[in-house]
Amino acid sequence: EVVSKLDDVLAMAVTSESEQRAFIVTGNTTYLERFERRKRLVNEDLARLRSLEADSPPHLAALAGLEEAVANFWQIAESKIESRKQGGYAAGIEEASLIGTKTGLEAVRSQVEGMKSTEFALLQGRTADFERDQARATWALIMATLAGFVALGVANFLVLRESRRRSNAEASLVEANRTLESKVDERTREL
């Protein structure tokens, strides 16, 4: 979401610069309304970014740099708009130069790109951690399965051994019983 909001901030800043220039050249307030709407949306996105990055002081410092760049861009753009409002078309044409707003927009772009690269590095680290943890969990499951098979094998061996021992004991008991019966029969005949 952070990368998406950063992209939105940059896209709306670029679009608002176009709206500002269109207002300066034409004087049509529709462009001014669009500029103000974009400004409001950018500020909302910056507030959302601040809440998303609240747990990371380094990211908050970078966000403060972005907010400063955006504020400077708004100041440049609004001063050009105000010149157009006050001085009319002639003043507007003089203010239509891209130098000031382009510099402000480049500062915004630079801050956004820096934050995005930091965010991508963080995502790559998290992805690597996830993949490592996933591999560990897979191996743990494999080892647990193998241990289960070994335990079943040992249990089967012990059951089989106990079964044989009981069978041998039963056979011995049957043999002892036969022997006893034959001795009882012998003694009975002797008496």
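Me: Leaving aside its neighbours within four places in sequence, which residues is Glu119 in contact with?

Reply: Contact means heavy atoms within 4.5 Å. Glu119 touches Val2, Val3, Glu53 and His59 in this way. The model is predicted: local features need pLDDT of at least 70, side-chain atom pairs count only at pLDDT 80 or more, and totals for chains, interfaces and linings use all residues. Residues are numbered from 1 along each chain as its sequence is written, and side-chain values use heavy atoms, with hydrogens and water left out.

Me: Is Glu119 buried or exposed?

Reply: Buried means under 20% relative accessible area, exposed over 50%, partly exposed in between (1.4 Å probe, protein chains only). Glu119 is buried, yet has no salt bridge. Arg126, the nearest side chain of opposite charge, is 5.1 Å away.

Me: What is a salt bridge?

Reply: A side-chain nitrogen of Lys or Arg lies within 4 Å of a carboxyl oxygen of Asp or Glu. The whole structure has 15 salt bridges. One of them joins Glu1 and Arg48, at 3.0 Å from N to O. Those two are 47 residues apart. Glu1 counts as exposed because its relative accessibility is 53%.

Me: Which residues form a network of salt bridges?

Reply: Glu19, Arg34 and Arg38 are linked in one. Between Arg34 and Glu19, the closest N and O atoms are 3.9 Å apart. Arg34 lies in helix H2 and Glu19 in helix H1, so the pair ties together parts that are 15 residues apart in sequence. Helices are DSSP runs (H or I, at least four residues), numbered from the N terminus. Glu19 is buried, at 9% relative accessibility.

Terms used
Lys and Arg count as positive and Asp and Glu as negative; His and the chain ends are not counted.
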